Amino acid sequence: MKPLISGATQSGLDPSAVDRAVHAEERLLQAAYLDPVTNLYSRRLISAIIEEQIVRARRDARPFAVVDIDLERFRLINTTFGANFGDSVLREVAARLSRHIGDADSIARVAADEFLLVLPGRVRGIALDRVLSVLLQDLTKHPLTIDGQEIFVSARVGVAVFPEDGGTVADLIARASRDLVRPGGRERVVEDRELFQLETGLHRALTDGELHPFYQPQVDLHSGRVMAAESLLRWLRPDQTMISPAVFIPLAETTGLIGPVSTRVMERVLLDLDRWIQQGLRAVPLAINLSARLFSDTWFDQTLLPLLDAGGIPPSHIKFELTETALLEDADRTRQAMKKVRDRGFSFALDDFGTGYSSLSHLHRFPIDEIKIDKSFITGIADNPREQKIVASMINLAHALDITVVAEGIETSEQLSLLRGFGCDLGQGFLFDPALSAGEFAIRLDAVHNLSFSPPPDQP
Ligand code: C2E
Ligand code: MG
Ligand code: MG
């Protein structure tokens, strides 16, 4: 590069050489002041701009904000899909951010996945909050499409305001990048390409309505009638494949999507329930699984309770299932959360009962209306007398505490007979029905199951 410039000075009057030299100088300046990937300002240029802003702000007594936007998982995107793809993501992110940059504002890429904004006219307060929230929504709400592949990005944001957060360029930048917060998200754990694509697909599933509650009947073990149903979420993809909740619920929990997913479940279940009531069908209570995470999340207070308060939902028609994990994680908080729901007349079932720790003590420490004996106890019950004793005593104990008992995963008539003999109230399992689509379930509502597959045995 150096010879080109000195060549220009030596070349005297040769206009094309001067031209080349000017262009070369421009390129040099560009390299120093513009980021080659996104064409945004470089760290060097934005530092100079902040320096200048400090001088002006001091002179005019007008504060300004420095905003740091840090992309999450960019390294993962880079290693998963390659550097070219990563560059395209950066360009697309730059374009989205630039849409919100006014004439007086400046934007730079200062590290691989880090952007800095200088916003002179807008400081902390409503104006800044608004611009940041619009900007982040624009960035994270809709996927970027790159080479036909949809990618969701998420970002953390930090803000520093001159003069209160720092008086020098270095202080302001350091402060903005130190105080990064992740708006509304949780720690993301995405390990490999498959999970990554699954996560992107799950966003899609939410917006495109690919998540549907199915319903598995709970049968009265005395009369054979369907007395309730558990809603079990199904992800039906456009290519007709189905993904199990055992796969995508844990993913939703680690990626901050469990709130939106649970809202979807609530809405759909309430809609189905309402329709059955309108149609004059024999609507039965529906059980909704609540992830343990939700009890310590804003979702509980900000979405669930308002929904329950909005009216129109008969409390006797909804029960919530939670697992012991929820009880263990933050007992006091969970108990309080449960109380709020129960005060509104809704009830709680303890799911997968027997698989956690100190199950029995939970029964009187938490407001539980029902236990669901885990399938693992039911599977071996027919040829394991010890298992029979355990299940029988679980049922007796629950009844002594006025708690209803549901047996999960009943697959054989032997299991059914034993459970009936033990006085179990409700049964759920493939022997009766798998999880059915809303339409299929509505038809099965009036079915009476034949319980006399084999005679009930004597009491143990
Ligand atoms: P869970 O709540 O314990 O649900 C029971 C699981 O056992 C369901 O699996 C059900 O299809 C299955 N099952 C029922 N009867 C039988 C049987 O006779 N034999 C066998 N082998 N399996 C039976 P599914 O639908 O795959 O759900 C797995 C788990 O995913 C559920 O376990 C629940 O923890 C979670 N889940 C499902 N829907 C939701 C939801 O809307 N929200 C949340 N947070 N979790 C959900
Ligand atoms: Mg359940
Ligand atoms: Mg269960």
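How do the axes of H10 and helix H11 (residues 298-309) cross, and within what distance do they come? They come within 11 Å and cross at roughly 10°. This is a predicted model: local features need pLDDT of at least 70, side-chain atom pairs count only at pLDDT 80 or more, and totals for chains, interfaces and linings use all residues. Residues are numbered from 1 along each chain as its sequence is written, and side-chain values use heavy atoms, with hydrogens and water left out.

**Helix H10 against helix H11**

- Two packed helices are described by the angle between their axes and the distance between the axes.
- The crossing angle of roughly 10° makes H10 roughly parallel to H11. Angles under 35 degrees count as roughly parallel, over 145 as roughly antiparallel, 65 to 115 as roughly perpendicular and the rest as oblique.
- Axes are lines fitted to C-alpha atoms, for helices over the stretch in contact, and angles run from 0 to 180 degrees between N-to-C directions.
- H10 makes the contact (heavy atoms within 4.5 Å) through Gly 259, Ser 262, Thr 263, Met 266 and Leu 270. H11 brings Trp 299, Thr 303, Leu 304, Leu 307 and Leu 308.
- Six of these residues are nonpolar, four are polar and none is charged. Ala, Val, Leu, Ile, Met, Phe, Trp, Tyr, Cys and Pro count as nonpolar, Asp, Glu, Lys and Arg as charged, and the others, Gly among them, as polar.

**Nonpolar cores**

- A nonpolar core is a set of buried Ala, Val, Leu, Ile, Met, Phe, Trp, Tyr and Cys residues joined through side-chain atoms within 4.5 Å.
- The largest core has 80 residues. Phe 320, Ile 371, Leu 419 and Phe 441 touch the most other members.
- Helix H10 (residues 258-278) gives the most to this core, with eight residues.
- A second, separate core has 35 residues, including Phe 74, Phe 115, Ile 146 and Phe 196.
- Beyond its neighbours within four places in sequence, Phe 441 contacts Tyr 215, Pro 217, Val 226, Ala 229, Trp 276, Val 284, Leu 286 and Leu 436.

- Helices (H or I, at least four residues) and strands (E, at least two) are DSSP runs, numbered from the N terminus.
- In helix H7 (residues 169-178), Val 169, Leu 172, Ile 173 and Ala 176 are buried. They fall within an arc of 95° seen down the axis, so they line one face of H7.
- Buried means under 20% relative accessible area, exposed over 50%, partly exposed in between (1.4 Å probe, protein chains only). The arc is that of the directions from the helix axis to the C-beta atoms.
- Ala 170 and Arg 178 are exposed on the face of H7 turned away from its buried side.
- The cover over the buried residues of H7 includes helix H3 (43-60) and strands E1 (64-71), E3 (114-119) and E6 (155-162).
- Helix H4 (residues 74-81) buries Phe 74, Leu 76, Ile 77, Thr 80 and Phe 81. Their arc is 160°, so they line one face of H4.
- Arg 75 and Thr 79 are exposed on the face of H4 turned away from its buried side.

**Backbone details**

- Gly 82 follows H4 and has a positive phi, near 100°.
- Ala 61 is not a glycine, yet its phi is positive, about 50°. Ala 61 lies in the loop between H3 and E1.
- The peptide bond from Phe 162 to Pro 163 is cis, with omega near 5°. Pro 163 sits in the loop between E6 and H7.

Terms used. Chains lettered and ligands numbered in written order.
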